[in-house]
Amino acid sequence: MKKLLAVFALVLGFTSVSQAGLLLEPYIGYEMGTAKSDSGGDGKTEAVNVGGRIAYTLPVMFWLGVDANVGTSGKYKPDTGTDVDTKRTSLSAVVGMDFPILLRAWLAYGFVNEIKFDDAFDSKVKGSNVKVGVGFTGLPFVSLNVEYIKDDFKDVDTNLGSGTTDLKHDSVMLSVSLPFEI
């Protein structure tokens, strides 16, 4: 028993000490989802998103920071009518945890969330969102991620004026990221 404790103490003595630092994590992802509106604007969405997270890493596996996301190209496919090009812009506060078993998880609240529609009315909807994500970090330098995004849009702006809406959007984004800790 004493030998086992001595080996255990020796192994723990050679492990590295965690230090706080900065996390820079660019990502690219493919988002697909469904939209439901009180005014009958139901449909499906798909988009290619580019973004990044900048976070402060704490010594105990936690990190917190911001997540910026820009949709480079997207489509809104309504149940009736023609498809519309879209672009997303969001900025979120994020908190995450790096597990020692090749996994990481995060939760984000989007306080800036906007989708622009390339339609005849030059529409855009604004609101907030919540993101829950999990990443697999078993590959060198790369994290493979799955993220659930729940959007809640309350305001709509068009070239005819502005108003309110009740648009709900649920989506899943598959992404690849490069988490760098400095």
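## Values set against definitions

Of the 182 residues in the chain, 32% are buried, where buried means under 20% relative accessible area, exposed means over 50%, and partly exposed lies in between (1.4 Å probe, protein chains only). This is a predicted model, in which local features need pLDDT of at least 70 and side-chain atom pairs count only at pLDDT 80 or more, whereas totals for chains, interfaces and linings use all residues. Residues are numbered from 1 along each chain as its sequence is written, and side-chain values use heavy atoms, with hydrogens and water left out.

Q: How many helices and strands does the chain have, and in what order do the elements run?
A: The chain has one helix and nine strands, taken as DSSP runs numbered from the N terminus (helices: H or I, at least four residues; strands: E, at least two). Their order from the N terminus on is α-β-β-β-β-β-β-β-β-β.

Q: Why is Lys-131 called buried?
A: Lys-131 has a relative accessible area of 0%, which is under 20%, and therefore counts as buried. This residue is found in strand β6 (residues 124-139), and its contacts (heavy atoms within 4.5 Å) include Asp-67, Trp-106 and Glu-147, with residues up to four places away in sequence not counted.

Q: Why is Thr-80 called exposed?
A: The relative accessible area of Thr-80 is 66%, and because this is over 50% the residue counts as exposed. Thr-80 has its place in the loop between β3 (62-78) and β4, and its C-alpha is 8.7 Å from that of Gly-41, although the two are 39 residues apart in sequence.

Q: What makes the pair Glu-147 and Arg-53 a salt bridge?
A: The closest N and O atoms of Glu-147 and Arg-53 are 3.8 Å apart, and a salt bridge is defined as a side-chain nitrogen of Lys or Arg within 4 Å of a carboxyl oxygen of Asp or Glu, so the pair qualifies. The two partners are 94 residues apart, with Glu-147 in strand β7 (residues 142-158) and Arg-53 in strand β2 (residues 43-57). Both Glu-147 and Arg-53 are buried. By this rule the count comes to 16 salt bridges, and a network of them links Glu-25, Arg-53, Asp-67, Asp-98, Arg-104, Lys-131 and Glu-147.

Q: Which parts of the chain does the salt bridge between Asp-151 and Arg-88 tie together?
A: The closest N and O atoms of Asp-151 and Arg-88 are 2.8 Å apart. Asp-151 lies in strand β7 and Arg-88 in strand β4 (residues 84-98), so the pair ties together parts that are 63 residues apart in sequence. Asp-151 and Arg-88 are both buried.

Q: Why do Lys-154 and Asp-166 count as partly exposed?
A: Lys-154 has 39% relative accessibility and Asp-166 has 28%, so each value falls between the 20% and 50% limits. These two residues also form a salt bridge, with their closest N and O atoms 3.4 Å apart. Lys-154 is in strand β7 and Asp-166 in strand β8 (residues 161-177), twelve residues apart.

Q: What makes a group of residues a nonpolar core, and which residues form the largest one?
A: A nonpolar core is a set of buried Ala, Val, Leu, Ile, Met, Phe, Trp, Tyr and Cys residues joined through side-chain atoms within 4.5 Å. The largest has eight residues, Ala-35, Tyr-76, Val-84, Ile-115, Phe-117, Val-125, Phe-153 and Leu-167. A second, separate core of six residues includes Leu-23, Ala-55, Trp-63 and Val-94.

Q: Why is Ser-177 called buried, and which residue 152 positions away along the chain does its C-alpha lie 6.2 Å from?
A: Ser-177 has 0% relative accessibility, which is under 20%, so it counts as buried. The residue in question is Glu-25. Ser-177, placed in strand β8, touches Glu-25 and also, among others, Arg-104 and Phe-141.

Q: What share of the contacts with a separation of 6 or more comes from residues 24 or more positions apart?
A: Such residues account for 57% of those contacts in the chain.
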